[in-house]
Structure formats: structure tokens, C-alpha cells
Amino acid sequence: MKTITDRRMLLWGKTVFFLIVVFLSGITAQAIHEPKGLGGPAFTDPSQIMDMPDAWKKQPIKHDSSIGSADIVITLDQQMHPSLLPIIQKYAREHNLRIAINKGTCGISAGMLARKVVDIGGYCCAPGVTDRLPGLRFHTMGIAPLALIIHPDNPINNITIGQARKIFQGEIYRWSELRTAKGGKGANLLVQPVVRLHCKLRPGSWRLLLKGEDLFSPDLIEVGAIPDMIAQVSANEGAIGYEVIWEVHRYKQKRKVKTLKINGYAPNELSHLVAGSYPLYRVYSLTTWEEESVANPQAHKLVEYLLQQVEHLDSKFAFIPASRLKKAGWKFNGDELIGEPK
Amino acid sequence: MANKRSLKSLIIALHKRVSLTIKMILVTVMVGVFVWVVVDQIQTHNLKSIFRAQFAERLSDQAMEDRLNFDRYVKVHHQSVRLFVAQKNFSDYIEKKKKDWSTEAPIQIKYYRRLPQWFPGLSVLRIFAKPRYALLLDSRGRVREVYHGRSRKGRLPPSLLQPTSLLLAKSRGQSFLTEINGASFLVAAESFFGFKGELLATLMLTSPIDEEFLNASLGRHQHEHIIALLTLGEKPQILTSSNLDELPAGTLLDTLKEHYLVTGEEFFDYGASELSIKLASFISMAEIESVTKSVLSLERKQRAIAAPVFILTFAFVMLWVTQRIQRLTQRISDFSQQTLGVQPQELQKGDQLYILEERFQRLTEDILEAREALSKEAEEKLILEKKSMEMDQKGEQLKLLQSVTEAVGVGVIKKTPDGLQAVNKQMEYFAQKCGGLSDFEMQDEDNLELSLLDKNGVNHIFYISSITFREEKILLIRDITEIKAQREALEHLALYDFLTGLPNRKLLCNRLRKAILAAQRERNSFALLMLDLDRFKEINDTLGHHIGDVVLKQVGVRLQSVLRKSDTIARFGGDEFAILLPVSDMEHAKYVSSRLLDVLKEPFTIKNNSLYINVSIGIALYPFHGEDLIQRADVAMYIAKQNQSGFSIYTPDQDHYNVHHLELTGELHRAIEHGDELALYYQPKLNYKTDSISSVEALVRWLHPQRGIILPNDFIPLAEQSGLIKPLTLWVLKTAIRQCADWHRARLKISVSVNLSARNLLDQQFQEEVTQLLKDGAVKPSWLELEIKESAIMVNPARAMEILKRLNTIGVRLSIDDFGTGYSSLAYLKKLPVNEIKIDKSFVINMAMDDDAAVIVHSTIELAHNLGLKVLAEGVESQEVFDMLAKLGCDVAQGNYICPPLPPAEFIRWLNKSSWHRGK
């Protein structure tokens, strides 16, 4: 014979159990619906070296005649250029060296390295297969978070990586399909993805979001330059794009954009990226020639020096140096970062 | 040099001759031109800056769009090659050729000018990228076939005909920009695989990055700005541009920035580009200049319209200003002429402003000149006064000005080591007061007046003051004897009566105020006496004002003779005097009043005329009678005059200004107006001869609702003082006449007598009013008798005579009341048109006991009879008196013995019962 109290207790127990089941189902459903395998690889296999003709292999490093005599010739990508330039110039003064510095892109670095006209090449992406030339060694300087950026008036502050992928795929095409931090609906605006699908032969960067360009929404706006990305997002209330924190910071006076948290982690909270919780980032590397015939010892020393100096870069660059990544369990092959922490 | 001088003189001449308006317009035009030029320069600069900024902004936006287009066009190559390879005709062709290409035979590249089989149709190419070259490579990466279209096949770089594995790797999956044999190329490749996944062929699309490529990427050939690709390096230069005619390849960027606005220099960060290039937008400065010029031209036109309007407006304003200047100039001239007496000089030619300046300058000079003259005069005066006291040659003695020395008698003061030492006492005092003459230490506030007697005994008053003049302390000594005398004379005129030399009302009031303060301080009393000469007007009227003035002077002297020095006697005007007796009490005031009355008893002998002057004195005392002593003494004086008592002391009861009297006056006014509180009582008059009542005296009673019956003595004075006596008399007359009429209608032939006041005898309309009342009441004038007090006639005998004569002419009987109390002589009465005299009751009542009274009554009766007048004795209170009067031959008797005053009804009852009526 059960008492009324027992019956009540039983009813409460059933209710609590039901709620737990519903909650877990939700999480499971969320996990099930999270697109799997959409993100591309972050790194390439360092053992895959580009096959080059013997003539090329024998070809020495020959600086461009327009540069004149230089102890070291460096070409830097446009993102590492502003952070490393003053350090390199200081090094040159201190060591009485003439260092020629070219500002370019990953492609320009790859081209100049392929033509063997520079001692050091700078990349803002992890090296692709075509970048791995015989005798070339990659030294990862560090990584920087790639932030999802939206219009400042957009009330959405946080999305999951799955939602981000659906947005760029065009599966979420209205902001009202998302929830604000207070639980309300997002703005009733069409989502306008803005992308810069650069360095298609290299891993990481935008490929961490979606591995191939065919996965991106047919409605996206594709831009070719960083300021165009910032301009497009800041001009369109429904736009979403991506860029590193430093570039957002660089154009903040002219163009206002807001960075989104991904899975609850803000891009400028670097510890989450170090811990592997924040999913999007770029890899910054410098190269040196290893073979004796083309190696420049001064270039090696400079790179070693830069590896130490990047540990003290200004916070505005939101730069995580390789040394910190090593400590956090990121995988390295020599100086080159080749894998995320487990 | 001579030319310069003549030009200068010409300018000066023009400056003087040309009017202000024209000059100002010329200046405005010149300034306007200058401002125009400056504004134009600034406007041009500003407009250029604005347009440059505007163009730069617009160009920046355009540059972004161009970058997007270029980027899209580049990427389309990659997508195109993927699409082309996926076509069926491509796979069919490769399937067909794969056997042929597998041989090791030397390769003979096949060139196509027209579309090869493995290429899509023209309709597809129009939509997708149209490559300049399409290279078909076999499975081993060897070029087998080439489509070159309109391009010459020879321009294809050899490296492209033998592509490296790196080139193939980099161009697969993306549109790859690279440098091939010194030229920039886009390469996009896609491989074709067999069913087993084996590589069968690769299609490579390539285009040189040149003007054609650039224009194709932008989708246009002509545009307002030029897009160019810049190669980077130490000196950036044009790689290719959308308009090579204007911006040819190889042109250095630095040389272009002068003629072109360059913007949008952003990295083409494609990531698949090995080319160090930037895309930039150029716009010709000439084009910006052209737009600027067109706007500037419009703005200049607007200014060209505004300028004449401004100048015209300015001209009008200047004309107005010039007119105002001319008016101002005229005013200055008038001022100089009228105030300073300076005739304006004719000026040389010049404009209005010049003339104004000149006139003003002259005015300033004239004023300064006048000021200088005044200053000089003042200085001379100062020096003169300074010299009134100066050291002698040795510097040992201080000499006084001759006039001073003469006045003082001794003019030398010796100087000693201790200072100056005066020789005589006056100068000792002088020196002492000056605080030491030796160092002139006398302070400004130490001004003093010094009164000194000269050797002739004449008093001189010196005003000594110290002043600082040009940092020098000097003493000024002025003889102010005359000024002082004049001032004192003025003060005397203001405070003293010019006729008698006695203090006037102002001075007395002043001393009265001081006396009040002193009495308050000392806690004592003082008295104020108000004096009024009786019948003084008569003297003036009969003997003339000059005699009256002499009388007043002598009265003043006599009054002064009995007063103390501390007392103040003042003439208040007319025949009124006031005497202030400080520290005085009631007894002392009475004593002084008696003395004053005594001193005036003696006749005044003026030009052989002996004049007797009586005076009435009112006394008021502080603090007993308050602070308004003048008014209180005046009231008392009036009472004394009324009572002919010589002097009277103020009592509030007599003061119609006191609160009680004011209340009573108001009530009396109301009573007369309504008439319901007033009543007439009638007292019969017994005719000795007929032994009958032939007449009654109407006596007014005030039946006050609160105060009871008020007798005439208690309110008639109030009525006289307040001016209510006239309406009261008229009310009494009207009522009495009505009563008389009633009686006569009732066949009771009784005449009525009514008392008149002195005021009635001054009223010019009184006779007419009496006539009207008699007419209204239908009463014969002979039935009305008017009784006039002797004293009332004497207030203004002439006027009284005139009024009485008028009344007499209408037939009204007249009687002199209270005879014997006044000062009129029977001889005077003879002139009056009266019928009867009433002997005052004071004599009649006492005649039984007082022989003198009896004699007076007897004499009066006899005398009156001799003058043909009837005699009525009032105040008959006893049988004895009644009989005595009968024996003395008195005509009529009136008194309580016969009948007291009674209301009309009672009177009729009494009359009906009375034996007198029946001829007892």
C-alpha cells in the first residue's frame, strides 16, 4: 500500500528523469546535427617534398639585381610584415647587416623561393605540398586566431563551429535562425557570407571552416584583399566574414566589425586557442634553405632570433608563439608545426 | 623724383577734393578686388582639396569593385577549365587521342586558330573566361595541341610549351599567376582521368596579363579612370593598364603621381599569385581640375552678381553716414559758437570726415585754451592766496598778507627753533589752531574759521584751510566776513519775520522740536502760547496796512519786553504770534499770559491815533497736551477769543479735533441730514404791555439716541467749528417757519424767533434762503424774528451790517441777543436795522441781588427806549425779577418763571392752560 507521499515522490522522480532524458536528447541531437568532416586539414605532411629538376636543385640563391648587395633577403607575408619588420631592422642595426625585406603574400614567397631569389620566405598559411621545395625548411613562428567577424549592430555574439559552417554553406540563411545571448531571436536579416578563398593549395586557415571551395554557399561574396573583407562586413548588417584579430584591429578606425565567439570562446582569449578549444587559426612560418650550397647562416641566425622575439610581440597582434604551442602539446616536426594537440 | 613729388601732391589734392562717399566707394572697390583675389585663391584651393577628397573616396570605392571584378575574372579561369574538361566532347576527343599520344614519337604540336573539337562552343566561351591560349597536354605533361585564337602562336612562351611539374601542380585547382619567360601569365589547369583513375590528359588555359586581359576582367574598355597593375619593388611601375596609350607599361609610379590621383593600392592577395603586383586606380588631375574649374566658374559668376549689389548698398550707407557726419560737424560748430563764443573758421578743401576732424580739433583746442585760462586764473588766485602767508627774505619770519595784518593788527609771527611763535594773543590762538605753522602740518579737515578783532575793533572772520597744490602744502586764508554776513542775512531771512524781526514759524517749530527733546531728556515741562490780536483786521481796514504793520512791530517789542531771553517769540503771520516758554509749568504760563495781557492794555499811539489792542491767548503745555502743541494752543486761543477771557488753557473737551468731538460731529451731521434726532422747543416771550404771549423763541434740542437730550451749548460750538452751523440754522428756520405756519393756520397768532450764528452773518446767500423758506412755509416775514448775538455781529461788523440790512428789507424782525456781553456800543447798534435788544440773562438773574446788575439793566432799558428799540429781558427766573423788570419798563420778559422751553404740543397745552394768554 503506497502512501500519498510515496506517490508524489514517484511522480517527481519520473518528471526529473523525463527532463534529463530531454536534455541529453537535445545535446545528442545537437551533436548529431553538427556537420562532421567539413573542416579541412590544418597541416600537410612534411615528408612530401615537391620534385624539382636537378638544374633547379643546383641553382644557387641569387638575389634580385634590383636589390643590390644584401646579407639577407627576406620576403614576408603581409600579416607578419608589420610585426617582424621592426625586430628585423633592429637586428640588422645591431649586427651591422644589410637585410632587404620585401612585403608580399604566401604566393609571392612561394614564387620567390621557387626562383631562389630570397633567403627567407614568410607564409601566413601552413605550407602546402607545392611549397615544400627540396632543401627548404619551415620554421613555425606561431599561430593567430582567425576571428569570425560580423556587423557591429548584429545582436548575435556566439555561435557554434557547426553553425558557422552551415552559415558559410548557405544552410543558415537568416540570422533569425540563431539565438542571441539572452535567448532571443537574431535579426530578421539574410546572412551574407563574405570569403577570401586564398591559398587554395595550402591547408588550414579558411579550410578549417570548410575544406573546399565547393562547400561554400553560392550566395557568398568573394573578395581578393583583406581591407575588402573588412569593408564588406562593416557595410552590410547581415554579413559574416573572417579575418585575424590584428587585421580587425588595424582597420578598426575606418571600418567597425564585431568578432563572434565560437563555441563560447572569444578569439582574443588566446588560452582557448592554445588549449585547442578555439577552432580557427592561421599559421605563420618562415623558411630557410638547409642545403649547404644555398644555406645562408646569417639567415638561420636571424630566424632563430625571430623565434625568440615573437614571444614578446605586442598583444595587438594576438600572436601565440611557437614556444607556447610546444608547451601546450601542439605537434612539431623540428621547428615546423604539423599538428594540433590531442 | 619730381614725378614722384607731383604724383604725391596730386594724390593729396584728390584726397582733399574728393568727397567721403566717393573715397569710400573707391576704397571698397579696391578692397573688394583684393578680397576677390584672395577669396578666389582660397576657394580654388579649397575646391581642389574637396574635389580631390571626393574623387579619392569615389575612386577608392571603384577600386574595390575593380579588385572584386579582377579577382572574379581570374578565378573564373580555374572554374572554366574544370568545366571544359568535364564536357563530353573533351572526353570523347581524349579517348580518341590517347592511343596516338602514348607513342614515343616526336611531338608535333598542333595549333588551332579556330575552336578545336575538345573546346566548348562559342556560346559557352562568351559566358565563361575566354582564354587567349588553351593547351592540351598528354598524360606525361607534354603539350600536344594549342588553341591560340586571334593571338599569334609565336608569342606563346617556350616555358609554357614545356611546363614544369611545379607549374602544373600550382596551376591545378586554382588560377595561378606567375612569371613565365619575363612575362606575367595566368595559368589554370585541370587533369582528365580515365575510368581507372589514370591520368589521360591535362587542359591548361593561359592568358598573358596585359591590357586586353585587364579590360576583359573589368568588363569595359573605356572608363573615366584607368586601372593598372603595378609591379612592386624599389620603384613600382606599370605592369599593364586598362589604357596603355595613356599609361604605358613600364611607366614609373612616381612620375605619375604628379598628374594622376592614385588610390586603391591594395595587395592582390590571391595567395595563388607569385607576382608581386598591386591593382591601382588612376584618375587624371586634369579631369579633377576641369570639374573644379566648372564649379569655380559658377561660383565666380555668383560673386560677380553679388559684388555690385554690395558696392551699391555700401554707397547708400556711406551717403547716409556722410550726412550724419555733416550734421555732427554742424553741431560742433554751433557748440563752439554758442558756448565758447568762437566763430568757426573757414577750412581748406577736404572731405566731410576731414572737416569733422578739423572742427573737433578746433573745439578741443578751444576747450583746452579756455581750461588753461581758467586754470591760470585759479593758479593766480592760489598763488595770491599762498602769498597771503610767506616767509620773508631771511626765512625767519612768516609774514601775513597786508590785508590780514591790517585786519589783525599784528602781522608778524617770529620763527623759533621750536616753530613759529605768534606775537600777540590772536596769533597765538591762530598758530595753536593751525597745529604749528612752521611745517604747515594742518590737515585738510582742520579747516577753521577764526574771528579776530582789528585795531579799530571791527570783527573779521577768516577761513583758514590747508590744501595740497603741486605737491606743496599751503595754507589759504580767506576773509569771509562779508560772505559770512551775507549768509547770516540769508539765514535770518529764512528764519525770521522780516516785519517784526522776530523768529518766524519755521524757527519756532525748530526750537519747539528741540524743546520737546530737551523736555524728554530733562523730564520737565514747557509751554506754548498762541496769541491772536482781536479786531486787528478792523485796524488794517480802517487805518491802512502801514499802521497795522507798525502796530505789529510795537506789539512784538512789548511782548518781548516781558519774556525771558530763553523764551522765543515768533510771528506766525497776520496778527498771530507764538511764544515758547522753555522749562515752564501751568502757573508760570498763566503768569506770563497775564503779563502779556497787561503789557498790551496800554494804548498804542501811532500818528496821533491811540489804538487799544486786545489779545486772546491759548496755552498748551508739554507733555500734558501732547506734542502737537501749536494746534492745541490754537484751540485754546480760539476758546479764549470766544469767551473773551483773555487767555485759556487747552482742554480736550473744547477741541473739536479730538476724537470725541470728531465722533459727535459725524453724528450731528447725520442728525441734521435726517432731522429725526433734532427737535425744537419753544419758550414763550411775555409782552408786559399786552400781558400776552405774542412770540416764542425756538430752541433746538438734540435727542441723541445714546447720549440723551443734548443742549445747544454742547453742540452749537461744535456745529460752528465744523461748518455744520449753516445746515443746522436752515433746519431750525425751516422747522420753526413750518410750526409758525401751523399755528397761524390754527389761528394762533404767535411769531417765532430763531437764533443766528456769526457764520450766518457772513453768508451772502442767507437772505435769499430765508426768503425762500418763508415763501415755502407761507409765513409772513413779520412773523419771523432773528436773534443775533452781539459778539457775532462784531466778528465782521461791516458784513453783518450788510446781511442784516438785507434781512430787514424783506420784513424780518431782528433782535440783538445777549446784549451787554460784547463790546459794541449802543451808538454802533443804532446803525443796525434791529428792532429789539435782549439783555443778557447774566445781568437779569442777578439784578434782584446785585445793584450794579440792576443799574445796568435799568440803563440799558432806558437807552434802548431812547433809541427806539424794544427791550427783552431773558433769564427771568423769579417773581421778584419779573416785577422789577415791569417797573423798569421792560417790554418783554422770557424765562423759566414764565415758562421753560417746551415741545410744540406741550407748549400748546401750556398756552391753553396759561393765564397769560387770557390776559392775566
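**Notes on the two-chain model**

1. Let me start with a helix pair in chain A: H3(A) makes a right-handed crossing as it passes H9(A). Bear in mind that this is a predicted model. Helix H3 covers residues 81–95 of chain A and helix H9 covers residues 297–309 of chain A; their axes are 11 Å apart and the packing angle is about 130°. Angles over 145 degrees would count as roughly antiparallel and 65 to 115 as roughly perpendicular, with the rest oblique. H3(A) and H9(A) are therefore oblique to each other.

2. Helix H27 (residues 851–867) of chain B and helix H28 (residues 879–888) of chain B have axes that come within 10 Å and cross at roughly 40°. Angles under 35 degrees count as roughly parallel, and H27(B) and H28(B) are therefore oblique to each other. The handedness of the crossing between H27(B) and H28(B) is right-handed. From H27(B), the residues B:Ala854, B:Val857, B:His858 and B:Ile861 meet B:Met884, B:Leu885 and B:Leu888 of H28(B).

3. Now for a sheet. Chain B has an open one of five strands, ordered E19-E20-E18-E23-E24, with mixed pairing. Which strands stand at the edges? Strand E19 (568–573) and strand E24 (647–649) of chain B do, each with a single partner strand, so one side of each has no neighbour in the sheet. From one strand to the next, the twist averages 20°.

4. Most residues other than glycine have a negative phi, and most peptide bonds are trans. The peptide bond from B:Tyr622 to B:Pro623 is cis, with omega near 10°. B:Pro623 sits in the loop between E23 and helix H18 (629–643) of chain B.

5. A:Ser205, in the loop between strand E6 (192–195) and strand E7 (221–222) of chain A, has a phi near 55°, which is positive in a residue other than glycine. B:Ala778 also isn't a glycine and has a positive phi of about 55°; this residue lies in the loop between helix H22 (766–777) and strand E29 (784–789) of chain B. Which of the two is buried and which exposed? A:Ser205 counts as buried because its relative accessibility is 5%, whereas B:Ala778, at 58%, counts as exposed.

6. On cysteines: how many disulfides does the structure hold? Zero, over all chains. Two chain B cysteines are tucked away from solvent by the burial criterion: B:Cys890 is buried with a relative accessible area of 4%, and B:Cys899 counts as buried at 1% relative accessibility.

7. One more residue to look at is B:Thr44, found in helix H2 (residues 20–85) of chain B. Its relative accessible area is 17%; buried means under 20%, so B:Thr44 is buried. What does B:Thr44 contact, leaving aside its neighbours within four places in sequence? The partners are B:Thr292, B:Leu296 and B:Arg300.

8. Finally, the bookkeeping per chain. Chain A has 10 helices and 14 strands, and buried residues make up 54% of its 342 residues. Taking contacts in chain A between residues at least 6 apart in sequence, 76% join residues at least 24 apart. Chain B has 29 helices and 33 strands, with 46% of its 920 residues buried. Among contacts in chain B between residues at least 6 apart in sequence, the share joining residues at least 24 apart is 61%.

Terms used. Residues are numbered from 1 along each chain as its sequence is written. Chains are lettered from A and ligands numbered from 1 in the order in which they are written. This is a predicted model: local features need pLDDT of at least 70, side-chain atom pairs count only at pLDDT 80 or more; totals for chains, interfaces and linings use all residues. Side-chain values use heavy atoms; hydrogens and water are left out. Two strands pair if DSSP finds at least two bridges between them. Helices (H or I, at least four residues) and strands (E, at least two) are DSSP runs, numbered from the N terminus. Axes are lines fitted to C-alpha atoms, for helices over the stretch in contact, and angles run from 0 to 180 degrees between N-to-C directions. A disulfide is a pair of cysteine sulfur atoms within 2.5 Å. Buried means under 20% relative accessible area, exposed over 50%, partly exposed in between (1.4 Å probe, protein chains only). A crossing is left-handed if the near helix is turned anticlockwise from the far one by less than a right angle, and right-handed if clockwise. Contact means heavy atoms within 4.5 Å.
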